[in-house]
Amino acid sequence: MASITDCVVEGLKYPFNDLKKFLCFGVLFAAISVISSFISFKSLEIFQVATRMVENTNVTSANSLFSQLPAGDIYIIAALAFVSFIITLLTLGYQYNIVKFSIDKNNDLPDFNNILGMFVNGIKYFLVVLAYNIIPIIILVGGVALAGDSSAAIVIVLISALLFLIAFFLQIMALNNMVAHDSIKKAFDFREIIDNISNLGWGKYIGIVIFTIIVYMIIMAAVGFILSLISAVFAVSISSAFIVAAIVGIIEGLLIEPYGALFYNRVFGSVYREAIKQ
């Protein structure tokens, strides 16, 4: 039986098994980063326009304010947000395939020869994550809205945090169970999910998840520091904040985010494989 360290070390090496596919995966994240940067700057421009309108005119309602905002920019933001969501589903579909390869003990990176399949798998991946987190989200948003500034809001936040934590640990095994059987129903087969965790051992399962997250956070923190230095260098030589953000976003999307996603899903696919071997 593989140890926690073996699974994590194998996951750290896995992205380098095929640099071409690694970079292809990174192109998707880079595209999302550039789109997000553009949306952020366009949204800031619209906010600045709205602020000036409120200060310099007699706008008295949200409807009249909205009607005077640049409609073209709003439509562009909406269209780009939709495109970004579609690309995100493709990245989730590829992660679905990573988990499948990991469970099958296939050391290759998945191909990009079935975009429609990636998209469908991405939808399934997204729906399962949403389903597992919807109750904590509703409790957090609804509870805080109702509680307002009272002390009850703190209790609601703590309860929501606990539910998010429980959902997170179950969600990992649920996603793997769905991928292994290629059935979204299996993501909600709680008896089988609990049995798989029990087969591995709750202590080992929680330990490897926590250890993986710690390693992931260390990698992201180190990379974040390096990217902040790169941003500072570009900021000195390039006056446009958008261009700086886009360059840094491309670097992060092309290299860092795909590495993290490959590592993360590879490790947890291996964890599932170990669980069903017991």
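## The second largest pocket

The second largest pocket of this predicted model holds about 160 Å³ of space. A pocket here is an open set of points on a 1 Å grid over the protein atoms alone, where a 1.4 Å probe fits, with protein on both sides within 12 Å along at least five of seven lines. Its volume is the space filled by probe spheres set on the points, which are joined across faces, edges and corners.

The lining (residues with an atom within 4 Å of a point) consists of Ala131, Tyr132, Ile135, Pro136, Leu163, Ile166, Ala167 and Leu170. The lining has eight nonpolar residues, no polar and no charged, where Ala, Val, Leu, Ile, Met, Phe, Trp, Tyr, Cys and Pro count as nonpolar, Asp, Glu, Lys and Arg as charged, and the others, Gly among them, as polar.

## The largest pocket

About 440 Å³ of space lies in the largest pocket. It is lined by 22 residues, of which Leu92, Gln95, Tyr125, Tyr264 and Asn265 are the closest to its centre.

At least two lining residues come from each of α4 (71–103), α5 (115–147), α6 (152–181), α8 (202–237) and α9 (241–277). By class, 16 are nonpolar, five polar and one charged.

## Basis of the values

Residues are numbered from 1 along each chain as its sequence is written. Local features need pLDDT of at least 70 and side-chain atom pairs pLDDT 80 or more, while totals for chains, interfaces and linings use all residues, and side-chain values use heavy atoms, without hydrogens and water.

Conventions. Helices (H or I, at least four residues) and strands (E, at least two) are DSSP runs, numbered from the N terminus.
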